[in-house]
Each structure stands twice: as C-alpha cells, then as structure tokens.
Amino acid sequence: MSLSFDLNLSGGLNRPPQKPYLEEIQDVTVIGAGPAGLSAAIYAKRKGLKTLVIATRVGGQVLDTSAIENYPGFSSISGEELAKQFRNHAGSLGIPMEQQKEVAGITGGESVKTVSLKDGSKIRSRSVIIATGSHHKQLGVPGEGRLKGRGVAYCAICDGPLFQDRTVIVAGGGNAAVEAVIDLSKIAQKVILVHRSQLRADDILVKRMNQLNNVEVHLETPIQEILGDKMVEGVRVIQKATGKENVIKGDGVFVEIGYQSNTKVFEGFLDMNDKNELIVDNQLQTSIPGVFAAGDVIEGPYKQVVISAGDGAKAALAANDYINHIQSGEENKNANIN
Amino acid sequence: MQILTEEVKTQLREILEAMKNEVHLALFTKNGDCPTCEETTGMLKDLEDVTSKVVVHYYDLEKNQQEASEWDVKLTPSIVVLDNNKMYHGIKFNGIPAGHEINSFIKTLLEVSGAGAELPPEAQKRLDAVSTPVNIKVFVTLGCPHCPGAVEKAHKLALSNPHVSSEMIEAQTFHDVSNKFNVSSVPKIVINDEYEFVGDQPLEVFLEEIEKVHMPS
Ligand SMILES: Cc1cc2nc3c(=O)[nH]c(=O)nc-3n(C[C@H](O)[C@H](O)[C@H](O)COP(=O)(O)OP(=O)(O)OC[C@H]3O[C@@H](n4cnc5c(N)ncnc54)[C@H](O)[C@@H]3O)c2cc1C
C-alpha cells in the first residue's frame, strides 16, 4: 500500500466567498483544468489578460494516470505529481479557479459570451477556451452496463487494488490498455489483454508488457459479451481468424478502449464532427468567433498530455490576438464617432 | 514514526487555519495484526503538531470496549471524528486516510470544526425528513481520485442529520468487508447494508438512495 499524501485542497477552502472577479467581464474564461486548460490559463495570464478557470476537477485525466513517461522533462512522473505541478504553476500566477464547478453551456454574443454554470451562476467573458477533455468509452456489449461496478471497471489505478490475487481482463490495445496491464500485473494473479485488432501502444510499453510472466495477450479477438450473474465471471469472444467463439474467464474487466470528447453541453452551439469532437480552425477557433478549444476535446487522433498542453498555449495566444483585434476594432469605432 | 512530510505539514498548517472550533479525534488501534495502525497513529501525531485545534485520543479496541461500543467501532485503525464538545455525529474513517483520501479527511475536520458551508436548502429539507437510522458506507482505495468527493458528501450528510452516520472504509485494508459487499469499483456507496451505487454521484443521488431506506416503495 502506498502512503503518499496527495493533498489538493488549495487555500481559500471554506472561507466565505469573496469573488469580485465573478461580477467583472473576463478576457478569457477557460473551461477545464487538465493540461490544456491550465496551460491556456498560464499563457493567457502572462499576456496580462483577465483570466478565470472553471473546472469540475483540477488536474483532469492526468489524475487517473499512474505514471507518465512521455512528457518532456520528466522521464517518469506520477500523474498526481504532474497534475500538482501544473496546478501550482497556475496558482503561482494568481489565476482564480472555480473548482468543482460544472459548466452547463455557453451562449454567444458578438463581443461578450456568457458561460452558464450548473449552479445557476453566469460568467461573462470576451473569449472562451474550451478544454473539457474526454472520458473513457464503453465497450457497448451486453453485460457491460449490468456488471458495471461488479467487476467491470474503467479506472485501473482506482479499482486495481480490489483485484489482488485475482484474474483480470483488460480490453483494449492502446497505451492506456497496456499501461493498465502493466500496473495490474503487480496486483493481480494473472492479467489477460483482449483486443479486437492489433496493438497500437508504444513499442517500449509493449516490450515491458511482454516481459511479464503473468500476462496473456489475445489479439484479433473482439469481446462479444461480458458474462456473469452477480459479478463478472469472464467474457465471450470471437477469434477472428477461425470465427470460433469461446469464453475467457476472469473476475474483472478493465475497459481501456479510448476516449470520447466531453462536448455534450456544447451541442447545438458549436460545430462537431461525427465523433462529437469540436471542429476548430488552425487558430483553434471553433465555429463561433471568440470561442476557442484545446486538448482532447478537439478533433484529431492524438490525445496526449503534451499535445493538450501545446494546444492550450496556442488557444490562449489566439484568444489574445482575438481580444486585441476586437479592442482595436472598438477603438476605431469610437474614433469614428468622435 | 513521522508520516507527513514537511511539505504536506506546511500546506496543512495553512489550510487548517480555517478551522473554527476544536475537533476531537478518537483513534482506535490494536496490538498485533493491524496493518496501517502504526502509520495512522503517526499521521495523527503529526497532525497534532500542525494544529492545536485537533485533539487526538488514543484508544485500544480491546481495552477500551466501552468507548468502542459507544461509537460503534469494530475495525482498526478507525478514526472517530467528534466536535469540540466531544459530540459524535456519526462520522468515521476506517483505515488510514492517506493518498487522495487525505483530502476528505481534512475537509471533514474543517466541516466538523464549524467552518463548512451549509447544505443547499432543498437538500437540507429532504434530509430533515429522515427520522430513522441511516448508515452510509463509502468504500475507497487510496489511489482513487474520485473517492474523496463521495466521502465528503456522505460525511456532510451525517453532520447535517443526527440519524445519519457515515463511514469511510479503505477497501484494501478491510478486504473481508469489501468482499462481503462485493466491492469491485470505488467509490462504492452502501446504504443500510442494502442499497448501493458506484461513483462520486451528485448529492441528489445520495438523497434518493437514502429516501429508499426511509420510505421503502
Ligand atoms: C488511464 C490514462 C492514462 C494516460 N496515460 C497517458 C500518458 O502516459 N501520456 C500522455 O501524454 N497522456 C496520457 N493520457 C491522456 C491524457 O491524460 C489526456 O490526453 C490529457 O489529460 C488531456 O488533457 P485535457 O486538458 O485536454 O483534458 P482532461 O485532462 O480530460 O481535462 C478536462 C478538464 O475539463 C473539466 N471539465 C470537463 N467537463 C466540464 C464541464 N462541463 N464544466 C467544467 N469543467 C469540465 C475536467 O474536470 C478537467 O479539469 C492518459 C489518460 C488516461 C485516462
């Protein structure tokens, strides 16, 4: 059992809310505080923009990751620690953060947008950066919904410890799946990776997995159903090569098959592709001028911390240009009137 | 044994400044087979260094049976949270609140000290209607980032209604208990050992499940 202490109650907790900034018009409102949102906030604040961050969970998906080994500057860092570094960096610049607040939608005005929160409050802002990230996809097979929380799991670092000395199945073939296999192999008696096609995880991870002696890998083997009465007992699969069906037994199924963008609350307001990812131009501007987007939430195949952080920076710089542009537009207008 | 690093202590000093009244903690440990008993004792000793507003009472589950039965303590380590008048509000942490769970622990100290916010009026009204015993168990693991949110809500409900009690249970330490309740995802919330759900759900879901106990349909 690890005994670290991952404190993330930043100062100000439980003190009476003194938030005059909520009354003022923001230059940039960042929705989301994962790598994309926090990086956008750092860039925006350093440009001198009045910046506000709103997020349900500061740190984002990085918190769900045991170790990150591909973020430059850190050969290996725990997700917890990296999230803390991001948070502290933004915190050191004095960026106000509305934590555990959920955005319910945005409505557009030409120069000022309104961001509505689920608690009913509203924030006005000249520009908005959406960095709401993504959440895990479901397999979509019979048994999955019924056995969720009864052996079907989506967070290896959360639920892994509950499968000590048991057999677990990991569904998926990307980095997240192979990482889950490696983590679970330390706890479970046996880990079985089952994937419908070929592995697409990084070579270095696959090699590490292949060295483990309690891991079994089944490729080209789509899962048809999750089996079990009260608890997961296994999965029914098809072997593509032979067309034969069989059952792989296990006490748990960890689903790690990729991610879906968190865009539901923007439906009807912003253009999305068929995967419900936000469509953006090369300045990361969405279909509404002044509304930018960054990170896992935008269209594109690669969802990574470093990419999200890079996007965040880009979106903040683009928002800065946008604001300078509308401000100089307003000044010109005023000059004409005078 | 020092458990908290100087860095964490410094942060805690700042956060716990917001505590209003004293909070008493009754820690139950036992000799022999008790994983994390020693660490939990060390952690609470460190906490006493950090703030004078936390007063810890050290008990032994076998020797102090009277106190244990008063607060219904059956597991070790277990931390019973009491207010400045040593009044019990039904709030317990079973297992060390380390990892992510330190957040719910600290938040609970602030709440019980009187520095918390009120429940939303609508929720308080629903909760006020509960007049029979309700026990909430929240199973967690220390690596689970969503778990503290669920523990905080359950404890808040206990604090806001004398009929409601709430206990965090660290699923790895108490795997017999977690096996009994088929815990395979955390946070898992079990109400009166009967109604259950998984995940850090909104307060309304907690209330709905509590109402099932209270007014079985
Ligand atoms: C198990 C796992 C392992 C991974 N391993 C790696 C790895 O090794 N290397 C790597 O580079 N990447 C890895 N990733 C991917 C990486 O975590 C993501 O690409 C990255 O976190 C995306 O950043 P983001 O800021 O776009 O979104 P997220 O991290 O998803 O953050 C989204 C933010 O938006 C907030 N939010 C969402 N909806 C709302 C709303 N309506 N209102 C308010 N706030 C909202 C969330 O609370 C959160 O703060 C992993 C992911 C997982 C799950």
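**Close-up views of a predicted model**

B:Phe28 and B:Trp71 are both buried (under 20% relative accessible area with a 1.4 Å probe, protein chains only). This is a predicted model, where local features need pLDDT of at least 70 and side-chain atom pairs count only at pLDDT 80 or more, while totals for chains, interfaces and linings use all residues. Residues are numbered from 1 along each chain as its sequence is written, chains are lettered from A in the order in which they are written, and side-chain values use heavy atoms, leaving out hydrogens and water.

**View 1. An aromatic pair in chain A.** Let us start with A:Phe292 and A:Tyr322, an edge-to-face pair with 6.0 Å centre to centre and 75° between the planes (ring centres of Phe, Tyr or Trp, using its six-membered ring, within 6.5 Å; planes over 60 degrees apart for edge-to-face, under 30 for stacked, the rest tilted). A:Phe292 lies in strand β19 and A:Tyr322 in helix α6, 30 residues apart (DSSP runs, at least two residues for strands and at least four for helices). Both residues are buried.

**View 2. A charge over a ring in chain B.** Here the charged end of B:Lys45 sits over the ring of B:Tyr58, 5.2 Å from its centre (NZ of Lys or CZ of Arg within 6 Å of the centre and within 35 degrees of the ring normal).

**View 3. An open sheet in chain A.** Three strands follow the order β14-β15-β16 with antiparallel pairing (at least two DSSP bridges between paired strands). Strands β14 and β16 of chain A stand at the edges with a single partner each, so one side of each has no neighbour in the sheet. Six bridges join β15 and β16 of chain A, and A:Arg236 stands opposite A:Val247 in β16.

Notes. Buried < 20%, exposed > 50% of the residue type's maximum accessible area, 1.4 Å probe, protein only.
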